Structures are given as structure tokens and as C-alpha cells.
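Biologist: I'm new to this one and would like to learn how to read it. Could you put it up and walk me through a few features?

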Amino acid sequence: MTASAHDPAPKTSNITVRRGDPLVVMENVQKHYGDFQALTDIDLTVNRGEVVVVIGPSGSGKSTLCRTINRLETITSGSISIDGVEIPAEGKALAALRADVGMVFQAFNLFSHLTILENVTLGPLKVKKMRKADAEAEAKVLLDRVGVGHQAAKLPAQLSGGQQQRVAIARALAMKPKVMLFDEPTSALDPEMINEVLDVMVSLAQDGMTMIVVTHEMGFARKAADRVVFMADGQIVEEATPDEFFTNPKSDRAKDFLSKLITH
Ligand SMILES: Nc1ncnc2c1ncn2[C@@H]1O[C@H](COP(=O)(O)OP(=O)(O)OP(=O)(O)O)[C@@H](O)[C@H]1O
Ligand SMILES: [Mg+2]
């Protein structure tokens, strides 16, 4: 199945905004939790350098989709490949894949007993076996980039939520991932901190990072997304450029979802 990662005609070829070659390829993915089917017939190709925003009602399978891409959840059937390699089941190959896929969650998940710098260098030291001086030098560059370089010696609890989430982004970037997954990275933040995190994400997108972003921040989608994927009931119902999607949603589910967003 992995040969299809190089298929020159991805199934979503009706979408005109396209960047590099296929990087994340999900084909006919099904995911069950017991009897419950959380993902149905998911076909999704994300090209290198592309920014895909995933939206949809609560329970539609957005988090499940993200979690299958770095194998935090196994799939029932179908295939997922990253850069032409089917996601390995276990062992060293799985660890290598996880390094290729950076993930930022709603909760910041920093290690509370480690400093900011130690949080960011942990993966490069333990997984990539980098030299400490090199890992620290790279971590400092990343922390500066997300605007918290001067906080490197502090513990996570000494930082604001927005700062912690930016550290979480730096920590994921420290592994030099091929793709970054964001699952509602701003929904646990106080309103005044949302933009500082979104600004970092917009700049990452502008730098060409491949990103899959689950978010309710439609401003971010309009500004940074190449494509919006709308999910409902575990299926991809519609995908379009942000402009097309927000001005002319095709499906009743998407119309309904958007009308509710606008009214509250
Ligand atoms: N570990 C699990 N065991 C059983 N069912 C689960 C599990 N995780 C998720 N589900 C179910 O799968 C469906 C999809 O859940 P998921 O968390 O992917 O939705 P979501 O789109 O991310 O929702 P939200 O917007 O609320 O975060 C839901 O019906 C949920 O109850
Ligand atoms: Mg979710």
C-alpha cells in the first residue's frame, strides 16, 4: 500500500492549492473503539508544506484522526504513511516515526519538574542522542523563536499558559519533525494568550512547515490554511480552500456548523 504515497493524483486533486509531494497519506482508514466507529473511510493526503485545518462538531473524530497519525491510536483497517513509509507497529521504527510527527495538544503536557530548557532538550538527548551542548544551543534558538528564550531556566508552573504552549511548540520542533499536528492548541488558554500562540503557528506555516491543525480559530484558518477539512460523524464531509469553505460551504452539515459558529 505504501507505493501509493507517490501516487501523482491524490484523491483530493479537485483542490487547486497544492504544495509539495504527498507527505501524510491516509487511505481508507477505519477506526473503531469497540463497537463504535470513530473514523469511517478517511482518505486524506497532506502535501509537504501544506497547512490543513480540520474543523467539525464535538465528537466528529478530529482528535482521533490526529492521534492515529502518530499512532497514539491504532487503526482498525486502511493505511497511513508518512513520507512514503507506512506507520510501523512498534519498536525503533515507531520511535523514529514519532520523531517525524510533532504533536501539540490542548493541555501543554510539559514535565513539571524539568526546566523549560530541559523540557525542550529531553527528546533530542534521549531519542536523537544529541550532544548536550548542541541540544541546548538548538533549544535556545527555538525558545527565542517562540518568544520565551529568557524563560529557559524556569519551571513550567512559573510561565503563563500561552508561554507554556509556546514551549510545547518549541519542544515538538526540537525533534525536527516533518509534520506538526496541533489538536486545539489554544482552547485551554485565556483569550489574551490565544493570539501569541496563533502568531507562532502562523509564522511556522509561513516558514513552510507541514501542519495539520484542529482548531476553532477560524481567523487562523483563513489566514494560514491552504485547505479546510470539515468532519462530521467520523467522516470527511467536505474539503475546500478556506475562502471556498467559509463563503460557500456545500454540505448541509457544514452550513449548519458554520451558522452556529457565527451566532455565538
Ligand atoms: N478512547 C475512546 N474510547 C471510546 N470512544 C472514544 C475514545 N476516544 C474517543 N471516543 C469517541 O470517538 C468519537 C470521536 O472522538 P474525538 O475525540 O476524536 O472527537 P473530536 O472531534 O476531537 O471532539 P472534540 O471537538 O470534542 O474534541 C466520540 O464519539 C468519542 O466519544
Ligand atoms: Mg478533540
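Biologist: Let's start with Lys178: in which loop is it found?

Modeller: Lys178 sits in the loop between α5 (161-173) and β7. Helices (H or I, at least four residues) and strands (E, at least two) are DSSP runs, numbered from the N terminus. Some ground rules: this is a predicted model, where local features need pLDDT of at least 70, side-chain atom pairs count only at pLDDT 80 or more, and totals for chains, interfaces and linings use all residues. Residues are numbered from 1 along each chain as its sequence is written, chains are lettered from A and ligands numbered from 1 in the order in which they are written, and side-chain values use heavy atoms, leaving out hydrogens and water.

Biologist: Is Lys178 buried, exposed or partly exposed?

Modeller: Buried means under 20% relative accessible area, exposed over 50%, and partly exposed in between (1.4 Å probe, protein chains only). Lys178 has 33%, so it counts as partly exposed.

Biologist: Which residue's side chain makes a polar contact with the side chain of Lys178?

Modeller: That's Asp83, at 2.8 Å. A polar contact is a pair of N or O atoms within 3.5 Å; within protein, one must be able to donate a hydrogen and the other to accept it, and residues adjacent in sequence count only if both atoms are side-chain atoms.

Biologist: What about Asp183: where does it lie?

Modeller: Asp183 belongs to strand β7 (residues 179-183). Asp183 is buried but has no salt bridge, meaning a side-chain nitrogen of Lys or Arg within 4 Å of a carboxyl oxygen of Asp or Glu. Lys and Arg count as positive, Asp and Glu as negative, while His and the chain ends are not counted. The nearest side chain of opposite charge is Arg67, 6.6 Å away.

Biologist: And which residues are around ligand 1?

Modeller: Around ligand 1 you'll find, among them, Tyr33, Pro57, Lys62 and Glu184. The largest share of this shell, three residues, comes from α1. As for the ligand's oxygen atoms, one is 2.6 Å from an N or O atom in the side chain of Ser58, and one is 2.8 Å from a polar backbone atom of Gly59.

Biologist: Which residues of helix α3 are buried?

Modeller: In α3 (residues 116-126), the buried residues are Ile116, Leu117, Asn119, Val120, Thr121 and Pro124.

Note on methods: Near = heavy atom within 4 Å.
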